[in-house]
Structures are given as structure tokens and as C-alpha cells.
Amino acid sequence: MVALFANLSVFQTNTRKNMLLLGLCGCLLWATHFYLLGALTGAAVNLMAAGRFIVYFRVRPSKRNRWIMWSFIGLTALVTAFTWAGIVSLLPFLGTASGVIAFWQKNTKYIRRLALTSSPPWIIYAFAVGSYPGIITESLLMGSNLIGQYRFDFRSVFRNKALRAPKSA
């Protein structure tokens, strides 16, 4: 339950640092969950993602240090290879690699938009390994992300358009 609330809260905050801290908590809890299920790829990439959140918390994204982002994609590939359990292991790789790119962004709007791509592979993986809480959480996470996009990224756009709309006679 705590992992669910940590993950859902990620997209209901509008600061990158809070997103990273909540993501860190969620990843540590999901690593434990997948380990207990015997889904080692899911556990390992979540543990690696927790480390990524710590590094991202301390390093500000820039073109100069973009190598950090690419290093985490490489580490995700290595962890996936090391814990390979068949083709199903590609799913956490895809979900985590898109998270690596999403959370590297400075702007929370882009974090939310890019992070939408990480949930579908995780939903399929959770189904494949029998993680019903994972299926539910990732499904709710997509909804939370869309709500966060509306709250922080689009509501003012819709409000401004409504104010400028021509009045009918």
C-alpha cells in the first residue's frame, strides 16, 4: 500500500526533487515486492532505479552531464542481462529505460509526459509474473500521471482558452 501511495504521489507534485524522492521510496518498495515474487529482473531494475533517483537528486540535468542518463540506460541493460529470465525480462528494461529518460528532464511537465511510456511494459510484466498489485498500481499510475498533467500543465491552458473564447450573441 505504501508503494502504491508513493508512486501515485510522484505525479501529484510539481517539483522535480519531490518527484525524485517519492520515486525513490516507490522503487525500494517495488524492488522488495518483486524479489519476494521471485521476479528478479523486476527487483533488480527497481533497485537500480532507486540508485538512479539518488544520483538524479544530486545532479542537475544538462547536456554536459548527459552521459549520466546514458550510463543508467546501460546499467539497466546490464542488470536485465544479468537477471535474464527470458523475453519477459525485456519489459522491465523498456519501462525502466523510459523512466531513465523521463526523470532526467528538468521540467516536470516533460517528466510527466515521458513517464507515461514506462507504465505499459510494467503492466504486462506484472501480469506475466503474477503481480496483481503491480498491475493495479501501474494502471492507477497512468491515471495519476494524466491528472497531474491536467492539474499542472493543462488546466491553465484550458482556463485561458475559455476566457478568450468569443461570446455568442
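**View 1. The largest cavity of the predicted model.** About 380 Å³ of space lies in the largest cavity of this predicted model, a cavity being a set of points, on a 1 Å grid over the protein atoms alone, where a 1.4 Å probe fits but cannot get out. The volume is the space filled by probe spheres set on the points, and grid points are joined across faces, edges and corners. With a threshold of 30 Å³ or more, the count comes to one cavity. Rolling a probe the size of a water molecule over the atoms shows where empty space is left. This is a predicted model, in which local features need pLDDT of at least 70 and side-chain atom pairs count only at pLDDT 80 or more, while totals for chains, interfaces and linings use all residues. Residues are numbered from 1 along each chain as its sequence is written, and side-chain values use heavy atoms, with hydrogens and water left out.

**View 2. The lining of the largest cavity.** The largest cavity is lined by 25 residues, and those nearest its centre are N7, C27, N46, W122 and E138; a lining residue has an atom within 4 Å of a point. Two or more lining residues come from each of α1 (2-10), α2 (16-37), α3 (40-58), α5 (90-104), α7 (119-129) and α8 (132-164). Sorted by class, the lining has twelve nonpolar, eleven polar and two charged residues, where Ala, Val, Leu, Ile, Met, Phe, Trp, Tyr, Cys and Pro count as nonpolar, Asp, Glu, Lys and Arg as charged, and the others, Gly among them, as polar.

**View 3. The largest pocket.** The largest pocket holds about 170 Å³ of space, a pocket being an open set of grid points with protein on both sides within 12 Å along at least five of seven lines. M1, A3, L4, L29, W30, T32, H33, P133, I136 and T137 line the largest pocket. Helices α1, α2 and α8 each give two or more residues to this lining, and α2 supplies the largest share, four residues. The lining of the largest pocket has seven nonpolar, three polar and no charged residues.

**View 4. W30 and its surroundings.** W30, which lies in helix α2, is among the residues that line the largest pocket. W30 counts as buried because its relative accessibility is 10%, buried meaning under 20% relative accessible area, exposed over 50%, and partly exposed in between (1.4 Å probe, protein chains only). Leaving aside its neighbours within four places in sequence, W30 is in contact (heavy atoms within 4.5 Å) with A3, N7, N46, S131, P133, G134 and T137. The C-alpha atoms of W30 and V129 are separated by 13 Å, although these residues are 99 residues apart along the chain.

**View 5. S98 in helix α5.** S98 has its place in helix α5, and at 13% relative accessibility S98 counts as buried. When neighbours within four places in sequence are left aside, S98 is in contact with T117 and S118.

View 6. The secondary structure of the chain comes to eight helices and zero strands, with helices (H or I, at least four residues) and strands (E, at least two) taken as DSSP runs numbered from the N terminus. Of the 169 residues of the chain, 44% count as buried. Among contacts between residues at least 6 apart in sequence, 69% join residues at least 24 apart. Along its principal axes, the C-alpha trace of the chain spans about 65 × 40 × 25 Å.
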